[in-house]
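User: I would like to learn how to read the pockets of a protein model. Could we work through one case together?

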Amino acid sequence: MNKYADIKNLFFLFCIHIISHFLPFERSSLGQDEFGNLLRQSIWLKNFIINPDRPLMFIWLEIHKYIIENFIFIDLYLIILFSFLPVLLSYILMKMLLKNLDLVFLVMILYSLIISKLEIFHSSVYMHVNIVISIYLLSIILLILFFKKKNNKIYFILSLIFYSVAILWYEQGIFLPFIVLFFYYLKINHYKFIDYIKIILPFVLVVFIYLIYRLTGSFGF
């Protein structure tokens, strides 16, 4: 019954997503930043040296530039796909936090219709924002699964990997795993304090390495 309800809810959320943000389809467009990106020289992996603040974001922008130059017809489908991905993952996350499926559905409708999010739906250049939001959400979902599945370390390792990728893409979600760990420490209290310190240390290490990498300009390179 839950699977049927989930499929029905996600179908309606997708319909709401399309109707509210992509009809007519001409509303999707290239933004000013996108035209600037099209003029930028592609340097690919050199972005790890030249752009230490967000190297993976710039690599994605170059991939996107290649797509626009060679396969412009699929750009709209990519915008729709990647803009719905955070909705899908947020639905999964909310289900893990809230037991009331109707409440989850209502929250996700409101999330889909937030006016301040319009820009990241319509402009092709902001597709990367939805991608990195999805990566952060995957990291958080896996971290919660790590607690729920009685310390299955594969979830923890994958969560850390996704977090590392996300932080090299866009630093906006840098505090998310710390918020989750703090919540579990206060509300769930599965472990002793020292156990939470051991869990949080790898995330602290990732942040520390990222900050050194960014502030020193690719470690001085």
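User: Which helix gives the most to the lining of the second largest pocket?

Analyst: Rolling a probe the size of a water molecule over the atoms shows where empty space is left. Here α11 gives the most, with three residues; helices are DSSP runs (H or I, at least four residues) numbered from the N terminus. A pocket is an open set of points on a 1 Å grid over the protein atoms alone, where a 1.4 Å probe fits, with protein on both sides within 12 Å along at least five of seven lines, and lining residues have an atom within 4 Å of a point. This is a predicted model, in which local features need pLDDT of at least 70 and side-chain atom pairs count only at pLDDT 80 or more, while totals for chains, interfaces and linings use all residues. Residues are numbered from 1 along each chain as its sequence is written, and side-chain values use heavy atoms, with hydrogens and water left out.

User: Which residues line the second largest pocket?

Analyst: The lining consists of F146, N151, K153, F156, Y191, D195, K198 and I199, and both α9 (153–169) and α11 (193–215) supply at least two residues of it. The pocket has a volume of about 160 Å³, a volume being the space filled by probe spheres set on the points, which are joined across faces, edges and corners.

User: Which residues lie nearest the centre of the largest pocket?

Analyst: Of the 16 residues that line the largest pocket, L93, L137, I140, L176 and V180 lie nearest its centre, and the volume of this pocket is about 420 Å³. At least two lining residues come from each of α5 (75–97), α8 (127–148) and α10 (176–188).
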